[in-house]
Amino acid sequence: MTTVLERRARGRRVRLERPELLAPAGSLEKLKFAVHYGADAVYIGGQKYGLRSAADNFTFEEMREGVEFASRYGAKVFVATNIYAHNEDIEGLEDYLRNLQDVGIAAIIVADPLIVETAKRVAPKLEIHLSTQQSTMNWQAVQFWKDEGVERVVLAREASMAEIDEIKRHVDVEIEVFIHGAMCSSYSGRCVLSNHFTDRDSNRGGCCQSCRWKYDLFAGGTAAEGPIARDVPVFDEGDDPFMMSAKDLCMIEHIPDLIESGVDSFKIEGRMKSVHYVATVVNAYRQAIDAYFDDPERYELKREWLEEIYKAANRPVNTGFFYDEPGHEEHIFGPEDKAVQFDFVGLVTDYDADTGIATVQQRNYFKPGQEVEFFGPDGTHFKQIVEHLWDENGAELSAARHPLQPIRLKTAAPVKPFDMMRKRTGPKQ
Amino acid sequence: MNKPELLIPAGSAEQMAAYAEAGADALLVGDKRYGLRLPGDVPAEALRRAVPEAHKAGVKVYAALNHIMDNDTVRTLPDYVKELAAAGVDAVVYGDPAVLAAVKAHAPQLALHWNAEMTSTNWATASFWGRKGATRVVAARELNLEELAEMASRLKGVMEVEVQVHGMTNIYHSKRKLLHNYTEHLGRPSEGQSYNPERGLYLVEQERPTERFPIYEDESGTHVMSSDDICMLENLPELMDAGIASFKIESVLKSAEYNIAALRSYRACIDAYCTDPAGFTFDQTWLETIQALQPSDRELSYGFFYKEQVY
């Protein structure tokens with residue numbers, strides 16, 4: 001990144017470079033939105049070797065198109081090849097990595113040393129980022145991976161701010177941390193619940209999120225205590241069930257701390273999340289990071305960034321392990337409140353400044369009389385009541401009900417392609 | 001045929017002696033600051049007496065340093081590995097590269113066994129750690145027999161393969177104190193509550209009422225264990241033919257009586273097969289002595305040895 005700032009952070013003089021904002025892109029469309037909304041880099045999954053076998057993963061052709069699109073913004077594309085391979089996965093790996101290099105992928109995110117070594121041998125232009133799946137949380141291990149030729153280490157989500165500081169002081173290698181999104185409640189990679197419940201291999205992309213299922217907790221007691229003490233429920237009728245479900249991570253309120261820690265890349269989780277989610281979250285963090293570098297002394301958290309994030313959030317959020325060990329309020333027990341308050345209803349594809357009429361691609365149901373909100377990466381942000389709707393031929397519509405149909409409507413302010421239109425969910429208006 | 005080793009974790013000097021007597025060839029011990037899910041603590045000072053005792057009986061002693069290490073623990077690693085070496089420990093079991101670095105710098109005489117729990121899944125990665133100095137890979141319990149056989153054959157002459165053949169496995173490890181958290185969520189005091197293995201806590205997933213998953217908390221977080229116990233006793237010859245070098249019986253959350261019975265059965269089976277593979281017949285009483293002590297709510301299973309998983 002280009003912007004460099006000299007300042008005193010935590011009692012020491014440091015040179016702060018603008019960190020990379022790294023966003024997930026589960027599809028080519030999401031990649032385009034992530035980049036357009038301000039990501040410096042995106043990470044995607046290919047057809048093999050990734051941990052989201054259910055995601056809409058990229059073909060090499062789509063990767064090429066994604067790399068080309070991102071390069072217009074100066075953004076990079078990384079590919080997650082973060083499985084723990086089994087013997088049978090070894091065949092085909094060399095060709096796969098060569099192809100990634102050929103289509104212009106900048107880096108691969110790797111957990112298994114087998115893939116680290118193979119990439120260095122057959123695709124040396126690919127940077128290697130050690131995945132959080134390695135659960136790296138000490139400087140000695142970071143040093144080990146640096147010596148192995150890894151360009152970047154994605155730390156374990158369990159590392160605290162103080163531990164990150166210490167790692168940065170000891171080793172000169174790029175450090176990436178997760179700043180937003182869903183979290184494994186286990187140490188990454190140290191969970192085979194899915195294997196046991198469903199015969200799906202969690203460390204090869206088969207995770208079925210058994211940690212978010214409902215469990216009853218019993219105390220069996222010891223054999224010595226005899227049968228009376230056995231099998232006592234550790235809950236009462238009507239109590240919430242036990243779950244291993246972590247709230248989502250959200251560090252929007254702590255951007256200065258993160259920047260001053262010297263972390264090189266801020267990662268947002270969510271290759272399975274919607275285009276609306278990715279655009280909204282990237283937009284908020286982009287603005288916060290830029291605001292800090294514009295004027296660190298007068299930086300203030302803006303309420304609207306928080307509000308924006310809550311419009312996309314799927315779950316309640318917290319700060320994970322950054323400041324303290326997560327307590328009972330950092331976990332979800334019982335029914336999960338659906339926190340999402342907004343639906344993505346339309347995507348701006350065109351705008352006629354003379355008539356003030358926008359063309360919007362329909363993404364969900366909306367109709368005249370409803371309040372909608374437009375937002376975009378370059379400051380577009382306003383609400384309005386939908387008035388008339390027309391189709392492409394000018395015929396008036398009573399509602400936008402056909403998926404992807406181009407719809408025309410008058411907007412209260414100018415909009416641009418890639419701007420989005422969302423609508424509050426809840427009781428029908 | 002090289003006779004495979006029979007290995008068991010021991011939680012005290014007394015257990016070390018009892019398990020050696022029952023037929024173990026090697027004992028895994030450790031300190032909870034460095035080792036995960038041990039049946040008890042055997043501090044380095046205690047090893048100064050216990051290791052020579054074990055060696056006299058022809059039994060090896062390995063130290064578990066398989067925790068995911070933080071900066072604070074890394075600072076203390078050099079002293080700890082020096083103490084282990086001074087006590088005469090034969091090998092260190094590690095997953096975190098920080099341990100590898102500490103052993104190479106401060107106690108190079110210690111052998112290294114690479115054990116990354118669920119993530120030791122292929123022979124090529126094992127061989128990577130082999131080139132870094134490990135002489136053994138502890139294979140993930142989620143591999144099947146074909147995968148293990150290929151691993152052993154690919155690593156033949158280079159690295160030994162250790163496989164768990166009996167007992168429960170860890171299926172989830174979190175740094176979070178989830179049992180404390182749950183109690184507090186229910187509005188009850190968590191202070192003074194015990195969440196240790198002795199309390200016998202277990203989870204029942206609401207759709208699977210017959211399976212009980214033990215759960216406990218310790219300094220390293222929350223551990224969930226499998227609802228079944230692996231038992232490969234009847235099929236041990238297949239594993240011996242595959243060239244597996246070490247068979248581990250997991251002793252955690254089991255009584256010493258149970259573990260001793262398991263050791264005796266596996267000892268007898270290994271000895272009988274190695275003495276005369278062609279004339280070997282399986283003695284049902286080996287299995288029956290284990291079944292007699294098997295908790296009624298825990299099935300004896302083949303784990304993942306004969307399964308194909310999807311993803």
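**Exercise 1. Find the distance at which the side chains of Glu148(A) and Lys132(B) meet, and name the kind of contact.**

Solution. The side chains of Glu148(A) and Lys132(B) meet in a salt bridge, at 2.8 Å from N to O. A salt bridge here is a side-chain nitrogen of Lys or Arg within 4 Å of a carboxyl oxygen of Asp or Glu. By this rule, seven salt bridges are found across the interface of chain A and chain B.

This is a predicted model, in which local features need pLDDT of at least 70 and side-chain atom pairs count only at pLDDT 80 or more, while totals for chains, interfaces and linings use all residues. Residues are numbered from 1 along each chain as its sequence is written, chains are lettered from A in the order in which they are written, and side-chain values use heavy atoms, with hydrogens and water left out.

**Exercise 2. Describe the contact of chain A and chain B by its residues and its buried area.**

Solution. Begin with the residues: 74 from chain A and 73 from chain B take part in the contact, where contact means heavy atoms within 4.5 Å. Next, the two chains bury about 6,800 Å² between them, of which 56% is on carbon and sulfur atoms; buried area is the accessible area (1.4 Å probe) lost by two parts on being put together, summed over both. In chain A, Asn87(A), Tyr187(A) and Arg190(A) lose the most area to chain B, together 12% of what that side buries.

**Exercise 3. Work out which strand of chain B pairs with S10(A), and in what sense.**

Solution. Strands are DSSP runs of E, at least two residues long, numbered from the N terminus, and two strands pair if DSSP finds at least two bridges between them. S10(A) pairs with strand S9 (residues 201-205) of chain B in the antiparallel sense, over five bridges. Within S9(B), Leu203(B) is the bridge partner of Leu217(A), and Leu201(B) is that of Ala219(A).

Methods
Helix = DSSP H or I, 4+ residues; strand = E, 2+ residues; numbered from the N terminus.
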